[in-house]
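Read the following with the model open alongside.

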Amino acid sequence: NKLRKKVLSLYEKDPITFVIHFTKLFNHVLLVFEREPSVERVIQFVINTLLEINKKDIESDKPLQNRLIYFVIKHLLNLIEAQDKAVRLRCVQILAGILQNKDSFKPEGNAVKEITDALIERSIDKVVGIRVQAALGLSHLQAVHKNSTITAELLQMMESDASNDVRKIVLSHIEISKHSLKEIVTRTRDIYSNVRMCAFERLSKDSHIKNFSSTQLASLFRAGLNDNEEGVKQLCRNIIVKWFEDCDKDPIKFLSYLEVETNEDISEEITKHILSSLNPTDFPFGDVITPELALYWRLFCEHLRNKVQASSSQSEELTDLLEEVQPELSDMGELLDQYKSNPFICKQLLLLSRYLDYQNEAGKQILSLELRKLLPLPSLSEKLRCLAMKILRNLHLNDSNYVTMILEILSDIRDPLDDEFQEQTDKADEHMWKRSLSITQELLASTKPNTTDPGILGLLDIVILPAVQHKNPVVRKRAVRCLGLFCLLDKATSKNYLLLLLQIVAHDKPKIRDMALKALFDVVLVFGIEEMQIDDEKIDVGAPKLKQFLQRCNIVKNVHKKKLRDDFSPVLKSLLSSFFTATKLGIEGFAKLMLAGAISNSEILYYMIQILLDNVDVVFKNLEEQNYSKQLISTFFRTYAYQSEKNQLNLVEIFVPTMRLILERTNTAHDSTNLVKVANFLMCLTDSR
């Protein structure tokens, strides 16, 4: 302060002489690039002194051109494009420092444009420190002059500057607006955690939930809650709690900003955090159930239920609260009837129904009746239909009663009462079959093996086989899935319909063929390949590349002087054809079979190693599938080898053929296989230690 007073007195005595000497001394500071404390103190002293002198100049009504601060700014602007990076840095730093004091100095006249243009020019300087100071200066200037050019430049820096320090500085200082909020939300997914944390801190400090669209909120919360850094996660949680409190702790009002029907997953995660953090005990009952209320109701009951199970001291109090909030079975039935046209509310009510008390027989009958009416509805999605069937299963523990009810529902779907509806369009017919097959699939998935229930066995002739012959491929695909599940019920059934699955693999469309292949893999996994034998003359496997594959497989037998097998079984041939028609599916299927011990075959191992080495003509849908398949094979070989000594012996059998294969390819122009690496890989797998 004493020094500043002396400088002020010198300036007041003889301004011209003061400016001459001041400029000479001031220029020495501009040459120092290192951020030394002594230099920083001198610069701050200069800035404070200039602001103090400017205050005096304003009080004495000096014109702009005669004020010292404008002389210094002009001097800095003349030097701001100097070749010396130190000069550029200090010029920008001092300008930013002057602009920071918005209460003491607001640039006027042409100075605004000149400063703006100079700082924008320095915002693309190759030196990071200069860009940081330019960002600071532009931010301070933006606060005084609402200039779209400045805002656009700051947004550009925040979006694309290579330095995380620059992006962080802009984040910390940019004015909050509709455009800047959008970019700040984007920065919550920045590659640097300090930038992401800064973005969340800024949003918490200077924004309200109502400033964002539901899409922005979903993106913001999804990025924050799933971040790898715990610090970022915690800041996101803090924003959730703060904005919830800004909504008067009204969960329905808070969730209304999120559009829960569109963003159910993140809305659920946020609500769970609010419930676990604040432990609310009041429930906002309403006459009308909205999507927000339905979601909160379900999660609130789940939260209380979990607390009752985890707590012993407060269990009685929490149980009473849960009983007060949770609906009766009869009430749930009425609600499902009332809101069955709203898929989201219906889903929440069905999910809530899983935890209700099923002891009330009268309530069970009411809820069962409503579910019975709900299942045939064309508007009900497949997921909700499966969910409704699970609840219906809980209501009817007797297998026979449950199956009888499902068969009645299937009858209602397939045999509508009014004659007019029987003249269905192709689309209506497809929907009818899709509903029937989704119910059949869920029923078969929950049926115990070796069942003798005539209703279950009758599904084959009533639903599955007619659907397998349907002209619509979508219907046929679902029917094949149901046929696969039906075959898993017992071994005899599998054998009876094995030929049908093989024919589908050989002759149907790709998606249906793949579904049949999955069914065959499942059947072999459950019952074993030896049990699934069929007359060779009954089936043509197709797959023209299969013969070449079988010849390659016999190489393994030739090398080890073993008797060649006459042929693979038709079932195994059909599964092997997947290598050429659905390579990813074939690799996954055989990996499961061999790890489960359902198949032990060195020839198949040899072919899989050829796929890994790019020595076979297989087709992948895209590069991603190819990389996934090769990674899967590599992981499979390690797991398979370390599973048992028998598996290692199978790998020993393919060692020599694989080495021979690579040696035969060494003279080809396109081969890049490293013989030593492959040999080391196989030796590591076959090491019994």
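The buried residues of helix α25 pack against α22 (399-414), α24 (426-445), α26 (473-487) and α28 (498-507), a contact being heavy atoms within 4.5 Å. The model is predicted, so local features need pLDDT of at least 70 and side-chain atom pairs count only at pLDDT 80 or more, while totals for chains, interfaces and linings use all residues. Residues are numbered from 1 along each chain as its sequence is written, and side-chain values use heavy atoms, with hydrogens and water left out. Helices are DSSP runs (H or I, at least four residues), numbered from the N terminus.

The residues of α25 that are buried include G455, I456, G458, L459 and L460; among them are also V463, I464, L465, A467 and V468. Buried means under 20% relative accessible area, exposed over 50%, and partly exposed in between (1.4 Å probe, protein chains only).

How far apart are the end C-alpha atoms of α25? They are 21 Å apart, which agrees with the 21 Å that its 15 residues (454-468) should span at 1.5 Å a residue; the expected span is 1.5 Å times one less than the number of residues. The helix bends by about 35° at L460, the bend being the angle between axes fitted to the seven residues ending there and the seven starting there. At the start of α25, a side-chain oxygen of D453 comes to within 2.7 Å of the backbone nitrogen of G455.

Turning to charged pairs, the structure holds 36 salt bridges, each a side-chain nitrogen of Lys or Arg within 4 Å of a carboxyl oxygen of Asp or Glu. One of them pairs D227 with R196, with 2.6 Å between the closest N and O atoms. This pair links distant parts of the chain, 31 residues apart: D227 lies in the loop between α12 (214-225) and α13 (230-246), and R196 in helix α11 (residues 193-206). Both D227 and R196 are buried.

E302 and R354 form a salt bridge too, the closest N and O atoms being 3.5 Å apart. Here the pair is 52 residues apart and again links distant parts of the chain, with E302 in helix α16 (residues 291-310) and R354 in the loop between α19 (343-353) and α20 (361-374). Salt bridges that share partners join E264, E268, K272, R298, E302, K347 and R354 into one network.

R513 forms a salt bridge with D514, the closest N and O atoms being 3.1 Å apart. Both R513 and D514 are buried.

Two loop positions remain. D125 sits in the loop between α6 (110-122) and α7 (128-144) and counts as buried because its relative accessibility is 4%. Its side chain makes polar contacts with the side chains of R88 (2.8 Å) and R122 (2.4 Å). A polar contact is a pair of N or O atoms within 3.5 Å; within protein, one must be able to donate a hydrogen and the other to accept it, and residues adjacent in sequence count only if both atoms are side-chain atoms. Not counting residues up to four places away in sequence, D125 touches R88, I130 and R131.

P284 is in the loop between α15 (264-278) and α16, and is partly exposed, because its relative accessible area is 24%. Leaving aside neighbours within four places in sequence, P284 is in contact with P251, I252, L293 and Y296.
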